[in-house]
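Here are my notes on the model you sent over. Have it open while you read, and go through them in order.

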Amino acid sequence: MEPGEPGEPEEAAWRGPGGGPLGARSLLELAVATGVAAWAAWAVLLMPGFRRVPLRLQVPYQPSGPQQAANALALLRGRSGKTVDLGSGDGRLVLEAYKQGLRPAIGYELNPWLLCLSHYRAWKAGYHGKVFFLKKDLWKKPPLATKLLAELPDEARVVAGRFPFPSWTPTSTLGQGLEQVWAYDMKKVRRAVQSSTEGSWVQEQAP
């Protein structure tokens, strides 16, 4: 928890380590970052960004835990270049990727409240203007796997947390349960897709 900022009301019920009151922004950060926000906070702050998302595709906001973030970054260790977090939430993975030297680091998020929190976290960490968070509605685009397959270069690596790509075979994986992450090297994914497509074509042509 972070101490409240100057000028926050003294009657705030939550207080930081130094005894000072926690301001509204710090309370929001505490609730979202720890994943313990009450249902009311979900309904008021987070749900609006999901109203336009098809019901079958809706996934509740689940912030990455420290271990999951560490696992994701471990699968990117030794790599360089542009990093994009699709559905960046509160921005923590984007900030950690930037620290690891993966630059530029960009997060795409639909929910405006989470975007505000991301910008605040970047400002507090001293990365304002160095990392970028953009509002994008990914649900208006083609299915994500198809889009990535069509647009990413062969040397790209896709890392998924908690929700793997069901039709792709991961190059490597790390962690278990909620902390598990999967890495997909696009060159290998393309080879597998092409082999599958050719195999299907041969079967269709068989008498």
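**Notes on the model**

1. Let's start with Lys-136, which touches Tyr-108, Glu-109 and Leu-110, leaving aside residues up to four places away in sequence; contact here means heavy atoms within 4.5 Å. Lys-136 and Leu-110 are 26 residues apart in sequence, yet their C-alpha atoms are 5.3 Å apart in space. Lys-136 sits in the loop between β3 and α6 (144–151). Its relative accessible area is 37%, so Lys-136 counts as partly exposed. For the cut-offs, buried is under 20% relative accessible area, exposed is over 50%, and partly exposed is in between (1.4 Å probe, protein chains only).

2. A word on what you're looking at: this is a predicted model, where local features need pLDDT of at least 70, side-chain atom pairs count only at pLDDT 80 or more, and totals for chains, interfaces and linings use all residues. Residues are numbered from 1 along each chain as its sequence is written, and side-chain values use heavy atoms, with hydrogens and water left out.

3. How confident is the predictor, on average, over the chain? The average pLDDT is 76, and 64% of the residues score at least 70; pLDDT is the predictor's confidence in each residue, from 0 to 100.

4. Now the layout. The chain has seven helices and six strands, in the order α-α-α-β-α-β-α-β-α-β-β-β-α from the N terminus. Helices (H or I, at least four residues) and strands (E, at least two) are DSSP runs, numbered from the N terminus. Of the 207 residues, 34% count as buried. Among contacts in the chain with a separation of 6 or more, 55% are between residues 24 or more positions apart.

5. Three strands make an open sheet, ordered β1-β2-β3, with parallel pairing. β1 (83–86) and β3 (132–135) are at the edges with a single partner strand each, so one side of each has no neighbour in the sheet. Neighbouring strands are turned by 20 degrees against each other on average, direction ignored. Two strands pair if DSSP finds at least two bridges between them; β1 and β2 (residues 105–109) run parallel and are joined by four. Within that pairing, Val-84 stands opposite Ile-106 in β2.

6. Which face of β1 is covered? Thr-83 and Asp-85 are on the covered face, while Val-84 and Leu-86 are on the uncovered one. From β1 the chain goes through α4 to β2, a right-handed β-α-β crossover. Right-handed means that, with the strands pointing away from the viewer, the path from the first strand over the helix to the second runs clockwise.

7. Helix α4 (residues 92–99) lies across β1, β2 and β3, running at about 170 degrees to β2. Axes are lines fitted to C-alpha atoms, for helices over the stretch in contact, and angles run from 0 to 180 degrees between N-to-C directions. The buried residues of α4 are Arg-92, Val-94, Leu-95, Ala-97 and Tyr-98. After α4 comes Gly-101, with a positive phi near 95 degrees. Check the peptide bond joining Arg-103 and Pro-104 too: it is cis, with omega about -5 degrees. Pro-104 lies in the loop between α4 and β2.

8. On to the rings: the structure holds five aromatic pairs. One of them is Tyr-98 with Tyr-127, a tilted pair at 5.0 Å centre to centre and 55 degrees between the planes. Tyr-98 is in helix α4 and Tyr-127 in the loop between α5 (112–125) and β3, so the pair ties together parts 29 residues apart in sequence. Both partners are buried: Tyr-98 has a relative accessible area of 11%, and Tyr-127 comes in at 18%. Rings of Phe, Tyr and Trp (its six-membered ring) pair if their centres lie within 6.5 Å; planes under 30 degrees apart count as stacked, over 60 as edge-to-face and the rest as tilted. Elsewhere, Phe-165, Trp-168 and Tyr-184 form one aromatic cluster.

9. You'll find Arg-162 in the loop between β4 (157–161) and β5 (172–174).
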